[in-house]
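Work through the exercises below with the sequence and the structure open. Each task is followed by a solution in steps.

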Amino acid sequence: MAAGRKGYLKWFALALLVIVLDQLSKVYFNSQYQFGEVREVVPGFFGFTLLYNPGAAFSFLAGAGGWQKLVFTLLAFAVSGWLGWNIVQGRFSCRMNLAAAFIMGGALGNVIDRLIHGHVIDFILVHYYNAWYYPAFNLADSFICVGAGLMVLDGLKKPSR
């Protein structure tokens, strides 16, 4: 069931809030940490760092020479535009609108990094002592993942009769 057109601006305001939170966190870590510095919060499991990712998720295509920045930027604009259009048209459920707002905010937050810095700023570090490290990520990445999860949940719901 579509959420309807009424009140769609709240979803764009939420996407904007995601962008603001993401950018504020990146300004903080970029100004308070040295590149590569690690500060443990929960020793052996969780900490903060400052890393730069010129590629996409998990540094995919990080060494591709620069063309990937344009591709990822255009892709983020295309996906955000499609999601935004569907919100405005009232085609999404409330859960899908929430997912779309999270994905748009996260994608555009990372686009801002690529346009300003030429790379994405990552700072969240999850690991298991020195045996395993998850690739560093940021708030934008987190919102994109939560949004994708919400989309999957929405797709699994039983259709109404």
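**Exercise 1.** In which helix do Asp 22 and Lys 26 both lie, and how many residues apart are they?

*Solution.* Step 1: the model is a predicted one, in which local features need pLDDT of at least 70 and side-chain atom pairs count only at pLDDT 80 or more, while totals for chains, interfaces and linings use all residues. Residues are numbered from 1 along each chain as its sequence is written, and side-chain values use heavy atoms, with hydrogens and water left out.

Step 1: Asp 22 and Lys 26 are both in helix H1, residues 9-32. Helices (H or I, at least four residues) and strands (E, at least two) are DSSP runs, numbered from the N terminus. The separation is 4 residues, about one turn of the helix.

**Exercise 2.** Find which residues are linked with Asp 22 in a network of salt bridges.

*Solution.* Step 1: a salt bridge is a side-chain nitrogen of Lys or Arg within 4 Å of a carboxyl oxygen of Asp or Glu. Side chains of opposite charge can pair when their charged atoms come close.

Step 1: Asp 22 and Lys 26 form a salt bridge with an N to O distance of 2.8 Å. Between Lys 26 and Asp 113 there is a salt bridge too, with the closest N and O atoms 2.9 Å apart. Lys 26 is in helix H1 and Asp 113 in helix H3 (residues 94-117), so this pair ties together parts that are 87 residues apart in sequence.

Step 2: the network therefore consists of Asp 22, Lys 26 and Asp 113.

**Exercise 3.** Describe how H3 is placed against H2 and against H4.

*Solution.* Step 1: two packed helices are described by the angle between their axes and the distance between the axes. Axes are lines fitted to C-alpha atoms, for helices over the stretch in contact, and angles run from 0 to 180 degrees between N-to-C directions.

Step 1: the axes of H2 (residues 67-88) and H3 come within 9 Å and cross at roughly 155°. H2 is therefore roughly antiparallel to H3 (angles under 35 degrees count as roughly parallel, over 145 as roughly antiparallel, 65 to 115 as roughly perpendicular and the rest as oblique).

Step 2: for H3 and H4, the axes come within 7 Å and cross at roughly 155°. This makes H3 roughly antiparallel to H4.

**Exercise 4.** Locate Leu 70 and state whether Leu 70 is buried or exposed.

*Solution.* Step 1: Leu 70 is found in helix H2.

Step 1: with a relative accessible area of 55%, Leu 70 is exposed.

Step 2: Leu 70 and Val 111 are 41 residues apart along the chain, and their C-alpha atoms are separated by 9.6 Å.

Terms used: Buried < 20%, exposed > 50% of the residue type's maximum accessible area, 1.4 Å probe, protein only.
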